[in-house]
Amino acid sequence: MEFMNPGAFKANAREALTDENLRSAMGQLAAGFVPLRQAAVDRLPEFDLLRERARELKDHILANLDFYLERFERNCTAAGGQVHWCATAEDARQAVLAICRTVDAKTATKGKSMIAEEIGLNPFLENHGIEPVETDLGEYIIQLADEPPSHIIGPAVHKTKDQVSDLFLHHHRKHGRTERQTEPAKMVAEAREILRQRYLDADVGITGANYLIAETGSSVIVTNEGNGDLTQTLPKIHIVVTSLEKVVPTLEDMTTFLRLLARSATGQEFSAYTTISTGPRRPDDPDGPGEFHVVILDNGRSAMLGGEVQDMLRCIRCGACMNHCPVYHSVGGHSYGAVYVGPMGAVLTPSLLGIAETRHLPCASMLCGRCEEVCPMQIPLPRLLRHWRERAFEGDGVPAAERWGLSIWAWFARRPWLYGQGARLAVRLLRYLGRERGRLGKLWGAGGWTDGRDLPAPEGRTFQELWRQRRGKGGAA
Amino acid sequence: MARRGDPGREAIFAAIRQSLGRPAHSAEARRELDDHIGKHRANLIPQRGKGDGKELVDRFRAMAEAAACTVRTVAAEAEVPGAVADYLRENNLSTRITLAPDSWLSGLDWASQPMLETRGGPARNEDEVAVTPAFAAVAETGTLVALSGPDHPTTLNFMPASHVVALRASQVVGAYEEVWQQLRKATKKGRGFAMPRAVNMITGPSRTADIALTIQLGAHGPRDLHIVLIDDQAGQE
């Protein structure tokens, strides 16, 4: 598996399809999240109306993004916070490092943050002598395994319980643990005890943000474990790493998105902890960080505004699209070779990195449309995937066979009579070739299909012929 | 610090405006958007966030229990220390408790429960049980809302393994939006309001499903969240 190389998608996917552990983990994911989400949606009759409102609201925010960001900055600063604007990932890494250096930080605890993943914060901090300690249990597991997340809300969802047992046994020896735990409750308790000391020792706590609130200058995190809260409350400094499109006008507006988030993500009515943080510790506060920094990243997002992929900026990172994606279920998150995976990643990654290196990702979809059906923000993911497929075809790097094949098909498709005749001929030929078994085990030029499975032989008539026949019988036109 | 003239900042704002194909907002457009913020309009409140006192309290209780809280109702606030002591004893929990230094909560007659050993202040790592008040509670999802401040250290909500919250039934509202209105009123300052450093919305104990998608309580925060609900609404309606 080649992590963080979207060009390796095909090779990664081939490897993933034969990985028994991954199959078992992905099976559990589909069986778990899909019915849980549906049940939560069924319990809230206003769910679809909320989606409409949330989409309208986010479109309004994006259309006035500069205004709301200025308001956020003004109010965050008034509350004693510091805002750092970062055009690129490198700017953001340097901003975080500069803050850490002011207290000569040795360790930084981290709540789960996709932006931190996007800017590659952990390896950067390590290279500069600061140990990053992931505290979300899923992030902690993949940090031990030295892997990137494979899901935006369940980073270790590809790991089986046995694999986690082995990881804990191996890495917890240095904390004096020598017994291999196999019960999830005991494993969680062991990680809790080890991480508790890390929170207390950390100089800096780094979290992401689900929202930035313009009217109050606050950042908001949503977690279930409470790890984000310990991360940001105990150290001297709290750094929020986030991106521009997270800003919302008011507490009421945040509330609308919150009503959709947990239900879409895990099927919970509400996550266990939603925390609104505003500025550093007040003079009479008994606890909390002495400094509050918000690092706001652009990294290609401003260029998505006003164009065909702007809709992707509505994403609230619930993960419903990947939880419902048959391709994601088959190949898992690592195959995408990118920070953002599944359908949302297949649209966002080309938007952030360019289509040249990422051209396989929008093709990692059957365009079945389930992602759009479950997206709480009504992002037209299939349309955006098609958009990137078209851009990929226009660019370089498309193999000659693919380009020629599509050109030939397009030539016929624009000549309906000829297309019909060609299809008739092909269908009858395939029927003849598969006449004995009703399916084809090998077909020249279609090895990509027949190497892995048989191709069912057509029954003998084309769709157009059947359509004409049914219409002739007075069926629905 | 946010700096006007910060080249990174200016470049980002210029890029946003270029993509949107328009200059910065005019003074009038800003006023309109500021007015929009100032109205604090609710977008859509589900039916389940509406109702009268008793109905909302029952819904809060049902939703909190569905989120793995336990709830015990007492008839008067004087019964809170006894209810806390009972809960700790029944569940074999430590009887050393850390009380939020809130005047109402610490004013209750804790001395009436000689088995309890109480202290106040922010949480220490060895603390096992925290007892705190709440600012409000939301029926919609069984959510408690706590505000940080000298009377309520944030660490009490997260560090000890058990969290007990003393809540008056009259503090239960239907929807989150009502909490925001109350919050603005309670922290009014000049023409605006002063957010506390932390507003914690808490729905059940800490949990994780990161190991094989099985739910485990007490990932980093409390393993159990117990609510002592004071029935102070009798005769109010």
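How many bridges join strand 6 of chain A to strand 9 of chain A, and in which sense do the two strands run? In this predicted model, five bridges join strand 6 to strand 9 (residues 273–277) of chain A, and the two run antiparallel.

Strands 5 and 6 of chain A form a hairpin with four residues between them, and A:Gly217, which belongs to the turn, has a positive phi of about 70 degrees.

Strand 6 of chain A, which covers residues 218–223, is mostly covered, six of its six residues being buried. In a regular strand the side chains alternate between the two faces of the sheet. In strand 6 of chain A, A:Ser218, A:Val220 and A:Val222 point one way, whereas A:Ser219, A:Ile221 and A:Thr223 point the other way, and all are buried.

## The parallel sheet of chain A

Chain A also holds an open sheet of six strands, with parallel pairing and the order 1-10-7-4-2-3. Strand 1 (82–86) and strand 3 (131–134) of chain A stand at the edges of this sheet, and because each has a single partner strand, one side of each is left without a neighbour in the sheet. On average, and with direction ignored, neighbouring strands of this sheet are turned by 25 degrees against each other.

One of the pairings in chain A is that of strand 7 (residues 237–243) with strand 10 (residues 291–297), which takes place in the parallel sense over seven bridges. A:Thr242 has A:Ile296 in strand 10 of chain A as its bridge partner.

## A nonpolar surface patch on chain A

On the surface, A:Trp404, A:Ile408, A:Trp411 and A:Phe412 form a nonpolar patch, whose accessible area comes to about 450 Å² for the four together. Of these residues, A:Phe412 is placed in helix 18 (residues 400–413) of chain A, and with a relative accessible area of 30% A:Phe412 is partly exposed.

## Chain B: domains and overall dimensions

For chain B, the domain assignment gives domain 1 (7–39) and domain 2 (47–230), and the centres of these two domains of chain B, taken over C-alpha atoms, are separated by 40 Å. The C-alpha trace of chain B spans about 70 × 45 × 40 Å along its principal axes. The secondary structure of chain B amounts to six helices and 14 strands, and buried residues account for 53% of the 237 residues in the chain.

## Positive phi values in loops of chain B

Most residues other than glycine have a negative phi. B:His40, however, has a positive phi near 50 degrees, and this residue lies in the loop between helix 2 (27–39) and helix 3 (53–66) of chain B. B:His40 counts as partly exposed, because its relative accessibility is 22%.

B:Ala212 likewise has a positive phi, here near 55 degrees, and lies in the loop between strand 12 (207–208) and strand 13 (216–217) of chain B. Is B:Ala212 buried or exposed? B:Ala212 has a relative accessible area of 14% and is therefore buried, since the cut-off for a buried residue is under 20% relative accessible area.

Technical notes
Residues numbered from 1 in each chain as written. Chains lettered and ligands numbered in written order. Predicted model: local features only at pLDDT ≥ 70, side-chain atom pairs only at ≥ 80, totals over all residues. Heavy atoms only, no water. Patch = residues over 30% accessible without salt bridge, like charges linked within 9 Å, V, L, I, M, F, W, Y side chains within 5 Å. Areas by Shrake-Rupley, 256 points an atom, 1.4 Å probe, with all protein chains shown as cover. Salt bridge = Lys/Arg side-chain N within 4 Å of Asp/Glu carboxyl O. Buried < 20%, exposed > 50% of the residue type's maximum accessible area, 1.4 Å probe, protein only. Pairing = 2+ DSSP bridges. Axes fitted to C-alpha atoms, helices over the stretch in contact; angles between N-to-C directions. Domains from an automatic or database assignment.
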